[in-house]
Amino acid sequence: MNPANLSTKRRWIAELARTKPGTVLFSLHHVIDLEWMKEAYRLTRKDGATGIDGTTAAEYEANLMANLMGLLDCIKSGRYKAPPVRRTYIPKADGTQRPLGIPTFEDKVAQRAIAMVLEAVYEQDFRSCSYGFRPGRSAHGALRELYSVITRQGQYWVLDVDIRKYFDTIPHQHLRAILDQRVTDGVIRRMIDKWLKAGVLEQGLLRHVTEGTPQGGVISPLLSNIYLHHVLDEWFETAVRPRMTKACTLVRYADDCVPRTHRRKEVRNCVRDGGRSSGAGRQGQASNHRKLRRLKAGVVSVAEKAGLDPVRYGSERRARANR
């Protein structure tokens, strides 16, 4: 594997996207070759749960080169058949269960190969407010940004927003329309369509859906970021920020976002208008608007150092103080 060659390809895609903002890119798949597939395999987690075929990473590696060459040929020729994801559940903090969709190991490698292309494109488009599932960004970075605007800019009024069942409710039709604005490469789009149509296998029953990108897949976080970049991040910058009389900031980590400003009234306006005028509202996404809270800088600082959710921590601290 030639890292320099891979790096050159990624830089070429990134430069193409950066120098042609808003332009539809229709020829990208030629960068996907055996070297690209080897890197996709290297980046794929080897300790994850198995998909419907039960194949482990070790079993796939036993005949790695033949498997990767066969997978590459299927992707390029259009013969690849995306297998259904295996449904499983994990507990959430609120007592409910979060559904996950576990792809087969080979499907994870294929998803990684396509995600590497899309990531090189959309990293040039994404706004700085987005921190989830992006290279070089993390929840810690989101917390640092939150801490900075509260302590240095006095944006004390914070609204904690979560989009209800976001990964399960992304409309495929709208997602395709958003992708049409930037990437129309036939191989890339054909693979994405196959994953969207693959379905979910649960207790022996196969269910096909017209919305959602199952959590657990490699490409799902990227597709969710692409969707929210258009319907939330762009909406905030073009529709919300111009209406604010004071500085305001949005920090988003996947489907959790935190708008902040100086004035309570303006954040309330954001709540009022969010479901009605945002892209998420227009395209069927429902937001859970949690209680509006005013945070003191010291509370956020303590929470940040402890690795806690600063909004939730602030509420709990005040509740204990009032007992």
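**Confidence and conventions**

Residues are numbered from 1 along each chain as its sequence is written, and side-chain values use heavy atoms, without hydrogens or water. In this predicted model, local features need pLDDT of at least 70 and side-chain atom pairs count only at pLDDT 80 or more, while totals for chains, interfaces and linings use all residues. pLDDT is the predictor's confidence in each residue, from 0 to 100. The chain averages 84. A score of at least 70 is reached by 80% of the residues. Residues 294-306 stay under 50. For that stretch, the model has 30 contacts beyond four places in sequence. A contact means heavy atoms within 4.5 Å.

**Helix pairs**

Helices (H or I, at least four residues) and strands (E, at least two) are DSSP runs, numbered from the N terminus. Axes are lines fitted to C-alpha atoms, for helices over the stretch in contact, and angles run from 0 to 180 degrees between N-to-C directions. Angles under 35 degrees count as roughly parallel, over 145 as roughly antiparallel, 65 to 115 as roughly perpendicular and the rest as oblique.

| Helix pair | Axes come within | Crossing angle |
|---|---|---|
| H8 (172-180) and H9 (186-197) | 12 Å | roughly 170° |
| H4 (64-77) and H9 | 8 Å | roughly 100° |

H8 and H9 are therefore roughly antiparallel. On the H8 side, the contact includes His172 and Leu175; on the H9 side, it includes Arg189 and Ile192. By class, this contact has 4 nonpolar, 1 polar and 5 charged residues. Here Ala, Val, Leu, Ile, Met, Phe, Trp, Tyr, Cys and Pro count as nonpolar, Asp, Glu, Lys and Arg as charged, and the others, Gly among them, as polar.

H4 and H9 are roughly perpendicular. Ile75, Lys76 and Ser77 of H4 meet Val187, Arg190 and Met191 of H9. That contact divides into 3 nonpolar, 1 polar and 2 charged residues.

**A kinked helix**

Helix H10 spans residues 220-240 and has a kink of about 45° centred on His229. The bend at a residue is the angle between axes fitted to the seven residues ending there and the seven starting there. In H10, 16 of the 21 residues are buried, so the helix is largely enclosed by the rest of the structure. Buried means under 20% relative accessible area, exposed over 50%, partly exposed in between (1.4 Å probe, protein chains only).

**Two positive phi values**

Phe133 is in the loop between H5 (105-122) and H6 (139-153). Its phi is near 55°, a positive value in a residue other than glycine. Phe133 is partly exposed, at 45% relative accessibility.

Ala254 lies in the loop between strands E6 (248-253) and E7 (256-261). Phi of Ala254 is also positive, near 55°. Ala254 is buried, at 6%.
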